[in-house]
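Colleague: I am new to reading protein models, and I would like to go through one slowly with you. Could we take it feature by feature?

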Amino acid sequence: MTDVENQGQSVSDAPDLSEVVEVMGRVRGAMETVIEGKTDQINAALTVLLAEGHLLVEDVPGVGKTMLAKALGKSVDCSVNRLQFTPDLLPSDITGVSVFNQQTRDFEFKPGGIFANIVVGDEINRASPKTQSALLEAMAEGQVSSDGVTHSLAKPFMVIATQNPIEMEGTYPLPEAQRDRFMAKIEMGYPTRTAELDMLDHHGGADPLSVLQPVTDSQTLVRLTGIVKDVYAAPAVKEYIVSIVEASRATDSLRLGASPRASLHLLRAVRSRAAMAGRDYAIPDDVHALAVPVLSHRVLLSTQTQLSGRNVADVIAEVVAQVPLPDRR
Amino acid sequence: MLRASDRSGIAVMVGMFLAGMTLMPLTEDRSYLYYAAGVIAAIQLVSIVGRRWGGSAGLVHISQLLVWGIYAGVMGWMALPDDGGSMPTELGRLYMDAVLQIRTDVAPMSYSEAVRWLMVLLIGAITIIADMLVSTLETPVWVLAPFMTLYMIPALALKDDLGWFPFAMIGLAVIVVLMVDGINESSSWTRNLASDSAIRSYSPSGTVRLGLMIGVPSLIGAILIGMLLPGITTLELPSSRPRGSGPLQMENPTIDLSKNLNQPVDRTVLTYQTDSQTGVYLRLASLTVVDSQGWKLAPVDLETGTQMSAAPGSGRDSSTVEVSVAMGDFGTEYLPAPYAPRSFDAEGEWAWDPESLMILSSRRDNRSDAVRNLNYSVTSEITTPEPAAFTSAEPGTPPNDDVTSEVPADVPDAILRLTAQITKDASTPVLKAAAIQSYLGDPRNFAYSTQAPPGDGFDVMVNFLTEDKAGYCIHFAAAMALMSRIEGIPSRVSVGFLPGTKNGDTWDVKASNMHAWPELYFDGYGWVRFEPTTAVASPPEWTQVTPGMAPDPSASASGASGSANATPTPSLKTEPSDSSSAAPQGASSSGFPWRTLLMWLGIGGGGLAILLAPALLRLGLRRRRLSDNDDPHELIAGGWAELRDTMRDLHQHWPSGSPREIAAVVRASVAGAVPESLDDVVDWVERSRYARQLNGDPQIADPVREVRAALLSQHTWWERTKAQLIPRSLQVNLGVALRERWHRLGISRES
């Protein structure tokens, strides 16, 4: 751990990305011991982590959503809180509450579940809208206000929320405005046959998470996020991002296009992905790879598109393909 | 250490000098070569130094033009007489002088500063073009075009065989340029496919050997093969003259002249040997009577015997010349002989007219066949007046003065007026005759055309002199003879042959050498030949007289030596033929049809050039893209475009997308292993387009070549050849460019 800390202290105009590549490689390696055959999802989660965003994981139960979140939390030597969202979960359970301390004869802030580096919010759509909005407010602002006192959240701070798209009974789907605050949404998908067989072999007995050891710590992560911000995005790449977002607003297939915040998030994610590939500059391929995860949960399909049975990922891929590539400086 | 650009510059220098030597048949003046060497060296030094200092191509060429202009100015200034006009007008006058001389004189032209100046200017301009092709556009093969331009000048001007020398010079010049290009190429890039490695090497000696091994035998082979092709002579370009047909003969001299001049095949009608240094005019007959219908023979009293009486009135400046003639298949009753024949030795029955000294057959039947295939010899006395003394000669009274001095009463007023106008400034009869000759001989006044209406009657004359202003020898000769008679000089029109072309010891006279010329009678000289048809023959020295000419010792000395040689023209020029062809002495001795061969080579080469143009364009593009570039981004973009075009040439899809996506498609299209250099290329392209900075010098040319070789190796020989000869990328790129332009146009119209 110490040698990691000694590396890459200087952040100049050409950032030293070897540390990013090396540290994230170790985290990825650790997580892959727990989750088999999900490299893309792991990469997306790490990209969001480095870009200081929040991740929404959506899929059917039992494919490893929570496992992904937990594995990430355990790979990094930092505080991890897990919140199981239920209809009776109160906002104060998330943000914390001021209680009267008899001994000090004063109100004392009892931090809620959100005060951790990595917060795993399971089945976020089961909580009441009030509770959901409390979480999302805290996510956006990076702080919690209680009784006129502002409590800063930990750094790094990342919310990994999962939701189940199938059981809609008794759920409160996140409104668009709140979904917009997640940097990316990924779907786990079923494992391949071999991956599932391997899983049975390896994880049949003990809990794999119990043997997972942290491979980096929170301070390193904070430093790495600083490096990522210095990754160069050429004007052409920025224009490409804006063109794609604009195209999502213009297309007939979508009822609601991506927001300006989507552009911001996409750019941050693109920088993060470039840094993880060891590049100090972003390329259109980064935008390609991240357009679907970053944009898909922010847009709404038009009725006609819904009826024709196309999904959001297809429509966004189509939108991206329509935008000409920036090939000049 | 010589750089590639230095070598190219020097190659153009040497090549241009060799190519400049092809102009030698045009002029007797060899000094133009020194001046040409100067201008070539100056222009190419500018190129070499400019390119060494990294000057842009545009700057280099502008400097070259500047140097060329200065050279032209200085050389022109030196050539000009010091009479203080403004420089531009003086140079303009020099140019006009040169043009006039080129149009009036026949090759090889005599020494003229104006012509030399123009030739050097031309060579300089062509040097700049050659340098642009070789060094700027990097298309050394195309240097053939400016070199051939130089070759075409004598080839077109002389219309006759140039001989092997200019051809070999051009060939050598091209070999020099190409070989140096080969050296440059081999020093920059050598690829060893067998070991799949790219090495840089430098082997000029190998290139020189290879160049000599290929170039010199090809050149010699081309010349030898050309000599083995006898039949090409008849494949002439359609000439402007109407084509007569039928046997060559001469019964009525004036009527048959036009027909014989227009024979489709320019047959040799006779050959002769003479002790004269130059060729001689062979006269058939002299037409002495003129009326409104034209010039005619006068009735003659014939005498027999081979010793003839002395020529009427002659004596001054005359010399004896012997000619032995071998007639070919040419039918006439007149025996061709140089004027004035004193004796002849010919089989058959002959008689002669003591007044005109024409020799005619006196046999009773088939008189027109009298000279066919006859061998005979003639001794003649030729008059070569010394110009200065001749200037003041007075018209004489020939024995048949009643005929040769008679001006018909019905000569049209137009001709009388014109004659008076032409001669009004001339003080002596000879100067009047010279004024008429120079008026008729000035190409600005009259054009040479065998298509003009035949005949020499008054109607035809008036039409020739005032309307059409185009005609051939009979028109010029008849006009001058008539005008001279109006001015009081006895005259006649002689018909016969030009001296022809020298071929070893003998002279060949062709049907197209048939000619008519005026002869004027001067006291003490007898009948003196003039030459107003300057398009086919240059006027004799004694006719080029000016009022200022006074008898002076040096001039008479040269005149005396000229007359000692007993030549009709004291200059060493070959007298040209009536087909407006003029061959340099000795150059056409082989008789090989260079011009025809060259024409076919040109047509073939032109066709080939059109066919090869896309391939050459594509090759040039590739070279430019992969050559060093000061802007690394441009270099990278060029390398990437080269890969794109290679795929397109091979009829493979070049998708739109990011460099990585495209590289994946390229990789998928290749069955074998694509060299890892593709990743290098992609990396440079991405860096160029999207990174903050490039981090180092892009080395993209070699990886691109490797990938290109790998792509090409996936295809059959035929597909590869097709890709190189018919590069589809040109067409696709043109389409894309047009579409973009159209698109932009559409957008701008909308806004």
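Predicted model: local features only at pLDDT ≥ 70, side-chain atom pairs only at ≥ 80, totals over all residues.

Colleague: Let us begin with the place where the chains meet. How many residues of chain A are in contact with how many residues of chain B, and what is the area buried between the two chains?

Modeller: The size of an interface is often given as the accessible area that is lost when the parts come together. Here the area buried between chain A and chain B is about 1500 Å², and carbon and sulfur atoms give 49% of that area. On the chain A side 21 residues take part, and they are in contact with 13 residues of chain B.

Colleague: How many salt bridges and how many residue pairs in polar contact are counted between chain A and chain B?

Modeller: The count of salt bridges between chain A and chain B is zero, while three residue pairs are in polar contact, with both residues of each pair at pLDDT 80 or more. On the side of chain A that touches chain B, α11 (235-250) and α13 (284-295) each supply at least two residues. Of the elements there, α13(A) gives the most, with three residues. By class, that side of chain A has 13 nonpolar, one polar and seven charged residues.

Colleague: How many bridges join β11(B) to β14(B), and how many join β9(B) to β14(B)?

Modeller: Five bridges join β11(B) to β14 (residues 375-383) of chain B, and these strands run antiparallel; in this pairing Ser343(B) stands opposite Thr379(B) in β14(B). Nine bridges join β9 (residues 318-327) of chain B to β14(B), also with antiparallel strands, and here Val321(B) has Ser380(B) as its bridge partner.

Colleague: What is the strand order of the three-stranded open sheet in chain B?

Modeller: The order is β8-β12-β13 in chain B, with antiparallel pairing, and the edge strands β8 (303-304) and β13 (359-361) each pair on one side only. Two bridges join β8(B) to β12 (residues 350-352) of chain B, and Glu303(B) has Trp352(B) as its bridge partner in β12(B).

Colleague: Which strands of chain A form a hairpin, and how many residues lie between them?

Modeller: The strands are β4(A) and β5(A), with four residues between them, and Arg105(A) in the turn has a positive phi of about 55°. Six bridges join β4 (residues 96-101) to β5 (residues 106-111) of chain A, which run antiparallel, and one of the facing pairs is Gly96(A) with its bridge partner Pro111(A).

Colleague: Which residue forms a salt bridge with Arg618(B)?

Modeller: Arg618(B) is paired with Glu642(B), and their closest N and O atoms are 3.0 Å apart. This pair links distant parts of the chain, since Arg618(B) is in helix α17 (residues 594-626) and Glu642(B) in helix α18 (residues 632-649) of chain B, 24 residues apart. Over all chains, a search of the whole structure finds 30 salt bridges.

Colleague: Finally, is the peptide bond from Lys155(A) to Pro156(A) cis or trans, and is the phi of Glu52(A) positive or negative?

Modeller: Most residues other than glycine have a negative phi, and most peptide bonds are trans. The bond from Lys155(A) to Pro156(A) is cis, with omega near -10°, and Pro156(A) is found in the loop between β8 (149-152) and β9 (158-163) of chain A. Another cis peptide bond joins Tyr339(B) and Ala340(B), with omega about 5°. Glu52(A), although it is not a glycine, has a positive phi of about 55°, and its place is in the loop between α3 (39-50) and β1 (55-58) of chain A.

Key: Residues numbered from 1 in each chain as written. Chains lettered and ligands numbered in written order. Heavy atoms only, no water. Contact = heavy atoms within 4.5 Å. Buried area = accessible area lost by both parts, 1.4 Å probe. Salt bridge = Lys/Arg side-chain N within 4 Å of Asp/Glu carboxyl O. Polar contact = N/O pair within 3.5 Å; in protein donor to acceptor, adjacent residues only side chain to side chain. Nonpolar A, V, L, I, M, F, W, Y, C, P; charged D, E, K, R; others polar. Pairing = 2+ DSSP bridges.
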